[in-house]
Amino acid sequence: VLFSNAVFFLLFLFILFVFIVVIASKMRKEKQYQSFEPFISVIVPAYNEEKNIENCIRHIKNSNYGDEKIEVIVVDDGSKDRTTEILAKSDVKVIMQEHLGKTEALNNGIKAASHDFVLVVDADTFIERNCIKDIIKPFSDKSVGACSGAVKIRDENSIKAVFQEIEYHYNNLIGSSFSRLFNDGIWYFGAVGCYRKKVLENLGFFKKDTVTEDMDMDMDIRKHGYKIVNIGHVVACTSAQESLKGFYKQRLRWWSGGFQTLIKNKSMFSFKYGISSLFIFINRFFSTSYAGVSLPLMVYWINYWLPYN
């Protein structure tokens, strides 16, 4: 009983801290960045994305950022469906490669980029019209190395999609709240992320030693003294995992990749890198530990309160 009470008390403290951060962030005025509209390269890594790639490109092209300032580069990672055929009919720059994985696709796209800022957009993600205009503004501050926005589910037509949308809203809320309150981002969304190209070059581009290359790069950028910004009103919509198998594989990759990244960057478990970075470690380890003990504890309490007891 004492153990279970201690676990739930820690959960209460965890939720209370998040609640306080969210409320406090609402009382703080969001930082206003000056107008900043440089040329930008949009990198889209694609593998077997025949269902999404056309709409992804169309949403980028429909941005209210000025078509002459946007360079779109799609890296076809050895697709075996109609993705290559569809790209052949498009008016964007296409880079073909063998199936080497997303990390190599990202790096090849960035190396081919002509401009000083690169926006990475997943092929199954559709950005809103103001996305590019708003996500680039924080870079008017030369200390900002990367910026991401909010990611939402675009097709809420099933129970699984609804629960994933709740999860995404929670992550978006925490990301924007920590960024506004502590001036330091958290939980970088790789589905739509913007970077200074020079920073990526100096850090040796995305690494292949973790399966969450976006989180790894986020921490590497932070470790080298740059700010990470999350903006809640910068929105991109992505597709929900339709099958339980796909959902499980995706979440397993996120979970295992997250631990790989934290172990690799364990030196950042320190107040030196700010509360946001510290919270990533605490959240990951606490959430995993709680997930492991919560079900047995619930079974225990249900059994404890059954009438025959």
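**Figure 1. Lining of the second largest pocket.** By class, five nonpolar, 11 polar and 10 charged residues line the second largest pocket (nonpolar: Ala, Val, Leu, Ile, Met, Phe, Trp, Tyr, Cys and Pro; charged: Asp, Glu, Lys and Arg; polar: the others, Gly among them). The structure is a predicted model, in which local features need pLDDT of at least 70 and side-chain atom pairs count only at pLDDT 80 or more, while totals for chains, interfaces and linings use all residues. Residues are numbered from 1 along each chain as its sequence is written, and side-chain values use heavy atoms, with hydrogens and water left out. A pocket is an open set of points on a 1 Å grid over the protein atoms alone, with protein on both sides within 12 Å along at least five of seven lines; a cavity is a set of points where a 1.4 Å probe fits but cannot get out; lining residues have an atom within 4 Å of a point. The volume of this pocket is about 510 Å³, a volume being the space filled by probe spheres set on the points, which are joined across faces, edges and corners. Of its 26 lining residues, Glu30, Arg180, Asn230, Ile231 and His233 lie nearest the centre. Helix 6 gives the largest share of the lining, seven residues. Helix 1 (2-26), strand 6, helix 6 and strand 8 each supply at least two residues (helices, H or I of at least four residues, and strands, E of at least two, are DSSP runs numbered from the N terminus).

**Figure 2. The two cavities.** Two cavities of 30 Å³ or more are found in a search of the whole structure. The largest has a volume of about 50 Å³ and is lined by Gly185, Ile186, Asp218, Met219, Arg222, Met268, Ser277 and Ile280. Its lining comprises four nonpolar, two polar and two charged residues. Helix 8 (213-223) and helix 10 (274-305) each supply at least two of the lining residues, and helix 8 has the largest share, three. The second largest cavity holds about 40 Å³ of space. Gly149, Ala150, Asn172, Gly175, Ser176, Phe189, Asn230, Ile231 and Gly232 line the second largest cavity. Strand 6 (144-153), helix 6 (159-182) and strand 8 (227-238) are the elements giving two or more residues to this lining, which has three nonpolar, six polar and no charged residues.

Figure 3. Strand 7 (residues 192-196) is largely enclosed by the rest of the structure, because five of its five residues are buried (under 20% relative accessible area with a 1.4 Å probe, protein chains only). Val192, Cys194 and Arg196 cover one side, Gly193 and Tyr195 the other, and all are buried. Leu119 has Cys194 as its bridge partner, and Ala146 has Tyr195.

**Figure 4. Leu119 in the largest nonpolar core.** Ile40, Val44, Ile53, Val74 and Leu119 touch the most other members of this core of 42 residues (a set of buried Ala, Val, Leu, Ile, Met, Phe, Trp, Tyr and Cys residues joined through side-chain atoms within 4.5 Å). Not counting residues up to four places away in sequence, Leu119 touches Ile40, Ser41, Val42, Ile43, Ile132, Ile135, Val192, Gly193 and Cys194 (contact: heavy atoms within 4.5 Å).

Technical notes:
Buried means under 20% relative accessible area, exposed over 50%, partly exposed in between (1.4 Å probe, protein chains only). Two strands pair if DSSP finds at least two bridges between them.
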